[in-house]
Amino acid sequence: PLLDKKKIKLDPVRQGEIVVNEVNFVRKCIATDTSQYDLWGKLVCTNFKISFITDDPMPLQKFHYKNLLLGEHDVPLTCIEQIVTVNDTKRKQKVLGPNQKLKFNPTELIIYCKDFRIVRFRFDEAGPESAKKVCLAIAHYSQPTDLQLLFAFEYVGEIYHNPAKKVNGIDPGGGGGGISSASGQQTPLFETYSDWDREIKRTGASEWRVCSVNEGYMISTCLPEYFVVPSSLADQDLKLYSYSFIGRRMPLWSWNHPNGSALVRMANIKDVLQQRRIDQRICNAITRSHPLRSDVYKSDLDKCLPNIQEIQAAYNKLKQLCVNDPFDDTEEKWLSSLENTRWLEYIRAFLKHSAELVYMMECKHVSVVLQEEEGRDLSCLAASLIQVMLDPYFRTIVGFQSLIQKEWVMAGYQFLDRCNHLKRSDKESPLFLMFLDCVWQLLEQYPAAFEFSEVYLTVLHDSARISLFGTFLFNCPHQRVKESTEFAISKNIQLGDEKGLRFPCVWDWSLQFTSRDRLLFHNPLYVGKSAPGVHNGALRTFKRSKKNYSSTLRGVPPAIKNGIIGEQEFVPRRNSLILKLKPEFLHSAEGQSHSMEQYFRDWFAKPVDLHGVILPHLSGTQIKLWKLCYFRWVPEAQISHGGSITAFHRVSVLADEVDMLNRSLRQYKSNSSLPGHCSELDQSRMYFRANGLNDTSGTPDFLSSSFPFSPVGNLCKRSILGTPLSKFLSGAKIWLSTETLANED
């Protein structure tokens, strides 16, 4: 097993990446029940990642996408959650923190990652002192004491000192936006006046204006420099009112409905004496910006949604269920354990409340104000979900990225603290992951309405854990400017007119993936605006069956007959899409409940408009666990020729075949030459392509349910063999208890 040191070479490091420590003759464990698949190589710690470099071929690794920043066995330091060292002889283990001493020589290193991976290394053949040093180095560099010690600063510093050096030919900052290979559009970053002005015009918000009162962050350090306010509010009034809001976070416009209703976010007013007066003036200004002068509905998110501590507690239980507990010990009660985490319950709560606010804007034509204490946590999630449901633009790749920039990055979501990049925040909470999970639920329910795939959502979640990108690194735009300016001064970097350093943008996907791999981001089922389904010359729509329709109606009592319900029988259920509204919006509470229920009943009765409003199904069977994200590293999840990837493959081939037919028809009508037709074949947006018309190729052998991720080398966990499930699948006639099966011969 001993490897020649010269054979193992470290891949070219990024600019500013430094090898801190390394140890040879390390064994990476692939499975606990056998060592035959283990790999031998060198473990390296840099200031960006830990790398395991091996010449051994990976078993069963016939396909996976390649990340240009990270190798097959690399883990970014910001993705590391906990480091455990073990000494077999002394039967000791220790969780390593920064600047700690290790009194024993480790024989084993276990790294728990934030993306649910567990990576395990053995040092049986390695030098004990070298093994100890590399463990301490990983602990030290993965838990920095200061924001400026994160790798992005070192990388950008090198680029500014050596402007000729670029990664993959791209400058830091990426020229102000990421490119969508589907449309060629750039993602607006909402750092400039013009980006906000374009969004006002796109949504038709004629009574709103871009405000520059916070230019240079003179009013609030947790607001963007530019944001949108009612035209009737003067800058002087905004300056005066700002002192009364927590964090001086004045009302922020998010979006406008075509009917004139606006979506606004607002922090609580801390000045109790002025609260009523200022609140009234803000609401009056929002009302004046509505063409119908409609009322304003305020939703207090702190009272009707789970708080960040509850969400973090649910996430911890989910993670323990998916990673730490041995499968055979939890199998029989797994679903009840999943329910007890409350993760899916909170997913349902956000979808339900957002759908109710969609009703307020869409049906009641009133502007909605999302209010919470600081206005930068729950409102990020709720505002984003409402816009995904209402605006088809935000269901495209570029639109979705602009939504995250607008409602999360620029609106001051505290990525540094909530993602706990420095490993010392007591404010950690996975709100951004919960948002991606909610969007995944909608994608599962309405796949033809979204341009992006679940692979895109999963990769986006992973990218928040890579410390190269400035997008998800800071608590607010001001922090990026302040910290990077201080860093530039300390490193003698001349910024010129720039407001802080320009970090690489996560939307520059070419930094991480080849153009071929970026095709995985595209959903083959997506029906674009310009490509309706046409059958025999007529537009074809797809209606739900009566059975499916009835299952979507939450809150409809069993007494319903033929779609008609008597008023005396109507009692809202706990999970119904019914909002308890303020009295000023009601003639009676009962009448308003009927109005809302009727809206949802009518909506679910009609065919889905893929380019209109979409609403979530909320029944227990329709809110699911996002398996690709949470289970991709678990060997038990690897279903050969199975899982959603098989459908993804076949739909991709079918969609590509349809594109080929369209191109052939265009060629036939225009009588274009064959060479031109051939060049068009390379323009397919599908990762899996048809070999030709009437393609009958089967599913490739290498596909598994974790596609395109490759879990074999990344998680050490018990195999399914010997568990009750395997015995049941092998022919057991009844479902016996774990204890009974364990006693069988």
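Strands here are DSSP runs of E with at least two residues, helices are runs of H or I with at least four, and both are numbered from the N terminus. Two strands count as paired if DSSP finds at least two bridges between them.

Another open sheet has eight strands, ordered 4-3-2-1-8-7-5-6, and its pairing is antiparallel. Its edge strands are strand 4 (75-76) and strand 6 (92-95), each pairing on one side only. Strand 1 (residues 19-28) joins strand 8 (residues 118-122) in the antiparallel sense over two bridges, and Lys28 stands opposite Phe121 of strand 8.

Four cavities of 30 Å³ or more are counted. A cavity is a set of points on a 1 Å grid, over the protein atoms alone, where a 1.4 Å probe fits but cannot get out; lining residues have an atom within 4 Å of a point. Grid points are joined across faces, edges and corners, and a volume is the space filled by probe spheres set on the points.

The largest cavity holds about 110 Å³ of space. Its lining has 14 residues, and the closest to its centre are Cys419, Ser429, Pro430, Leu433 and Arg465. Helix 7 (308-324) and helix 14 (431-445) are the elements that give two or more residues to this lining, with helix 14 providing the largest share, three residues. By class, the lining has eight nonpolar, three polar and three charged residues (Ala, Val, Leu, Ile, Met, Phe, Trp, Tyr, Cys and Pro count as nonpolar, Asp, Glu, Lys and Arg as charged, and the others, Gly among them, as polar).

The second largest cavity has about 70 Å³ of space. Among the residues lining it are Trp196, Phe227, Trp253, Arg265 and Glu407. Strand 11 (252-256) and helix 12 (397-409) each give two or more residues, and the largest share, three residues, comes from strand 11.

## Aromatic pairs

The structure holds 49 aromatic pairs. Rings of Phe, Tyr and Trp (its six-membered ring) pair if their centres lie within 6.5 Å; planes under 30 degrees apart count as stacked, over 60 as edge-to-face and the rest as tilted. One of the pairs is Tyr315 with Trp343, a tilted one at 5.9 Å centre to centre and 50° between the planes. This pair links distant parts of the chain, with Tyr315 in helix 7 and Trp343 in helix 10 (residues 343-362), 28 residues apart.

## Reading the values

Residues are numbered from 1 along each chain as its sequence is written, and side-chain values use heavy atoms, with hydrogens and water left out. As this is a predicted model, local features need pLDDT of at least 70 and side-chain atom pairs count only at pLDDT 80 or more, while totals for chains, interfaces and linings use all residues.

Methods:
On a 1 Å grid over the protein atoms alone, a cavity is a set of points where a 1.4 Å probe fits but cannot get out, and a pocket is an open set with protein on both sides within 12 Å along at least five of seven lines; lining residues have an atom within 4 Å of a point.
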